[in-house]
Amino acid sequence: MRFRRAFIALVTSFVAPVTAHAQDARQVDIAYEITFAGISGFRIDVTARFNGSNYDVETTTFKEGVLKAVTMNYVGRNRAWGGFTTRGAQPSAGSLSISVDGKPRTWLAQYGAAGFLQETHSPVWKPTPQQTISDADRKDSLDPLSAALSVGFAGDAACDKTVRSNDGKRRIDVLFRKVGMEPAAATGIPGAIGDVLVCEIYTKRVAGEFDEAPKEAETERERPIKIWLARFDNTQIRYPGKLEAQTLFATIRGRILSFRERPLTPAEAEAIRR
């Protein structure tokens with residue numbers, strides 16, 4: 001299991017239930033860390049802006065500590081924006097920008113009616129026939145952050161869903177399965193309110209360009225990631241509070257470092273993408 005799989009799970013569980021629409025103009029800033037065998041690995045900073053029925057969410061992911069010192073440099077940025085309706089999240093677009101050891105890749109997904117997806121790659125992606133993502137697999141798929149926002153509209157049933165995630169080169173099904181609820185005080189998640197939703201996450205690769213051999217990928221899929229989704233404010237929004245995943249060598253853990261919210265300024269509220 002790689003850090004990327006844990007990151008996909010963490011981002012894809014960033015949820016906003018149905019009661020989150022028509023919000024006051026506010027910004028939420030969250031910081032997470034992911035460790036491997038207790039060693040610092042990744043830092044994820046999330047900025048979510050809400051104004052009425054519109055949302056604009058950004059994440060920045062980067063390596064830190066020992067992992068940064070001994071492996072290739074990595075910086076990733078995701079953004080998703082759209083609106084909330086009585087039918088759920090209606091994404092307008094989502095993007096990602098990844099730099100691995102100084103080699104950048106960007107991808108923009110724009111959404112239309114009936115599951116239509118318009119993509120822009122830079123550099124141009126040239127998959128082999130075996131790596132091609134068919135129109136059927138692309139249909140109704142969402143970039144990781146837009147997929148995340150769609151999950152939460154099931155409220156406390158958010159874990160009983162399958163999400164069609166797409167990062168431009170890889171189509172992955174992310175399967176959420178509910179384990180149960182735990183009192184916030186028993187989870188050790190600082191600042192959590194009320195009961196915490198506990199879920200297992202499985203991933204299943206569908207199509208695209210993958211680094212792992214098929215046998216390895218299928219073996220890793222059978223090891224679920226366990227995640228705790230908590231409330232931290234007076235809305236019904238659930239955010240990842242902590243994460244655990246077992247590998248052959250050590251345990252990957254994710255935890256929330258900080259959660260802050262503040263009102264948006266009029267200029268910030270006006271600048272939210274729609």
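**Notebook: loops, a disulfide and a pocket**

I started at P123, which sits in the loop between β7 (117-122) and α3 (135-138). The model I am reading is a predicted one. The peptide bond joining S122 and P123 is cis, with omega at about -5°. I made a note of that bond because most peptide bonds are trans.

**Entry: T132**

I stayed with this loop and looked up T132, which is also placed between β7 and α3. Leaving out residues up to four places away in sequence, I found T132 touching P127 and A207. I also looked up E209, which is 77 residues from T132 in sequence, yet their C-alpha atoms are 8.0 Å apart in space.

**Entry: positive phi**

Next I went through backbone angles, because most residues other than glycine have a negative phi. D101 has a positive phi, near 55°. I found D101 in the loop between β5 (88-100) and β6 (103-111). Its relative accessibility is 47%, so D101 counts as partly exposed.

D140 also has a positive phi, near 65°. D140 belongs to the loop between α3 and α4. With 43% relative accessibility, D140 is partly exposed too.

**Entry: the second largest pocket**

D140 came up again when I turned to the second largest pocket, where D140, S141 and L142 are among the lining residues. What else lines this pocket? I listed Q90, P91, Y111, G112, G115 and F116 as well. By type, the lining divides into 4 nonpolar, 4 polar and 1 charged. The space in this pocket is about 230 Å³.

**Entry: the disulfide**

How many disulfides does a search of the whole structure find? I got 1. The disulfide joins C159 to C199, with an S to S distance of 1.5 Å. Where do the two cysteines lie? C159 is in the loop between α4 (144-151) and β8 (161-166), and C199 is in strand β10 (residues 193-208), so the pair ties together parts that are 40 residues apart in sequence. I noted the link of C159 and C199 as right-handed, with 45° about the S-S bond. C159 and C199 are both buried. A reminder to myself: a disulfide is a covalent bond between the sulfur atoms of two cysteines.

**Entry: F42**

I then checked F42, which belongs to strand β2 (residues 39-52). F42 has 9% relative accessibility, so I put it down as buried. From F42 I looked across to L67: the two are 25 residues apart along the chain, and their C-alpha atoms are separated by 8.0 Å.

**Entry: the whole chain**

I finished by zooming out. The protein chain has 7 helices and 13 strands. What share of its 274 residues counts as buried? I read 50%. Among contacts with a separation of 6 or more, 57% come from residues 24 or more positions apart. For the surface, I noted that the chain exposes about 12700 Å², with carbon and sulfur atoms supplying 52% of it.

Definitions and conventions. Residues numbered from 1 in each chain as written. Predicted model: local features only at pLDDT ≥ 70, side-chain atom pairs only at ≥ 80, totals over all residues. Heavy atoms only, no water. Disulfide = S-S within 2.5 Å. Helix = DSSP H or I, 4+ residues; strand = E, 2+ residues; numbered from the N terminus. Buried < 20%, exposed > 50% of the residue type's maximum accessible area, 1.4 Å probe, protein only. Contact = heavy atoms within 4.5 Å. Areas by Shrake-Rupley, 256 points an atom, 1.4 Å probe, with all protein chains shown as cover. 1 Å grid on protein atoms, 1.4 Å probe; cavity = no way out; pocket = protein on both sides within 12 Å on 5 of 7 lines; lining within 4 Å. Points joined across faces, edges and corners; volume = space filled by probe spheres on them. Nonpolar A, V, L, I, M, F, W, Y, C, P; charged D, E, K, R; others polar.
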